Amino acid sequence: MTGRMTVKTYNSTVTSCLLCHSSNTAEVTSLRASDICRLYRRHFDIDPSSLLSAGTIYLRKCLACGLICFDPPDTGNSEFYDRIQRNNSYYMESKHEYHVALAQIREGDNVLEVGAGSGNFAKLLKNNQYTGLELSSKAVKAANDGRIILQSIQNHAISHPEAYDVVCLFQVLEHITDPRQFLEDCIRCIKTGGKLIIALPSSDSIMGTLINFPLDMPPHHVTRWPDSVLRNMGKLLPLQLLLLQHEPLPPRQIRFIRRSGAIARIYKLFNRPMPLIDFSLFKKCSTSIAVLASLVGLPAVSTDSGVHVTAVYRKG
Ligand SMILES: [Zn+2]
């Protein structure tokens, strides 16, 4: 469904894939940093220009593993995240992955959550051994849970090899500049036969078609994950996929997803490629029509899934 993901026919060897390190990548599209900043200003009243290191930002697809990466993969700092979190209307939080994870965690399992935030998942694990890692001191303070500590996975992995039965990453991996190293550090912490649970926005969902949606761009998200990448992770890392589950369509997202689906259909109807950013009159008109369609409940989208996917692996 990701029309914009049609790649150009030439290969680029300028940068390598952030996951498999192949240099066999193809340019999907390029964006002006100034346009990304314009979107952040419009939606969040933030100017992230100091965080973006290049005037042009490329979106590349790895032709070896399928991961889609922004280049350069510039990420936000704590001030950026604090500002974003003040306006949470654009955050599409998902609790579905918590339920998927809880079904995988047995009594007595020792659980590590990387990116524990203010402790929402921790609250559900009162009867397990639990450790949460978090890099925001504000979030650690807000969590007020002695089990959540201010530490990176890199440092934690050094002192906790094979210490955990389950390691969870909820909405973290897409924010990471070096997801390969990050995953290797997580896996190092898992006992042989233990589980790694990864939840992130799926680029095979409606998320992959959104226009003018800055949260799926640097300095917020720097990678996009099709299901095929999650399915084939075992070719790169010592992991065996046990489960891949898309969340059901959350009721609070129905209107948003209908509207986004309607916009995608209008672009398709007029045979227009779907850009990541579009300030044209055509986009404005499409949005107005889509808003009307979503208000009257036209079946403008056929999906029954939300934007998030959860993958469960066994370390082997
Ligand atoms: Zn790759």
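These legends walk through several close-up views of a predicted model. Residues are numbered from 1 along each chain as its sequence is written, and side-chain values use heavy atoms, with hydrogens and water left out. Because the model is predicted, local features need pLDDT of at least 70 and side-chain atom pairs count only at pLDDT 80 or more, while totals for chains, interfaces and linings use all residues.

**View 1. The whole protein chain, to get your bearings.** The secondary structure comes to nine helices and 12 strands; helices (H or I, at least four residues) and strands (E, at least two) are DSSP runs, numbered from the N terminus. Along its principal axes the C-alpha trace spans about 55 × 45 × 35 Å. The radius of gyration of the protein chain is 20 Å, which agrees with the value near 20 Å for a compact globule of 316 residues; the radius is taken over C-alpha atoms, and the globule rule is 2.2 Å times the number of residues to the power 0.38. Of the 316 residues, 55% count as buried. Here buried means under 20% relative accessible area, exposed over 50%, and partly exposed in between (1.4 Å probe, protein chains only). Among contacts with a separation of 6 or more, 71% join residues 24 or more positions apart, a contact being heavy atoms within 4.5 Å.

View 2. Helix H9 takes in residues 281–295, 15 residues in total, and reaches 21 Å from its first C-alpha to its last, close to the 21 Å expected at 1.5 Å a residue. That expected span is 1.5 Å times one less than the number of residues in the helix. Look for the buried residues Phe-282, Lys-283, Ser-286, Ala-290, Ala-293 and Ser-294. They lie on the same side of H9 because they cover an arc of only 95° around the axis, the arc being that of the directions from the helix axis to the C-beta atoms. The face turned away from this buried side carries the exposed residues Leu-281, Leu-292 and Leu-295. The buried residues of H9 pack against helix H8 (254–269).

**View 3. Helix H8, with H9 and strand S12 as packing partners.** With 16 residues, H8 reaches 22 Å from first C-alpha to last, close to the 22 Å expected at 1.5 Å a residue. Its buried residues include Phe-256, Ile-257, Ile-263 and Tyr-267. The buried residues of H8 pack against H9 and strand S12 (305–315). After H8 comes Asn-271, whose phi is positive, near 55°.

**View 4. Asp-71 and its neighbours.** Asp-71 sits in strand S4 (residues 68–71) and counts as buried at 15% relative accessibility. Its side chain makes a polar contact with the side chain of Arg-60 (2.8 Å). A polar contact is a pair of N or O atoms within 3.5 Å; within protein, one must be able to donate a hydrogen and the other to accept it, and residues adjacent in sequence count only if both atoms are side-chain atoms. Leaving aside residues up to four places away in sequence, Asp-71 touches Thr-15, Thr-56, Ile-57, Tyr-58 and Arg-60.

**View 5. Arg-224, a buried arginine.** You will find Arg-224 in strand S10 (residues 223–224). Arg-224 is buried, with a relative accessible area of 4%. The side chain of Arg-224 reaches the backbone oxygen of Asp-216 at 2.9 Å.
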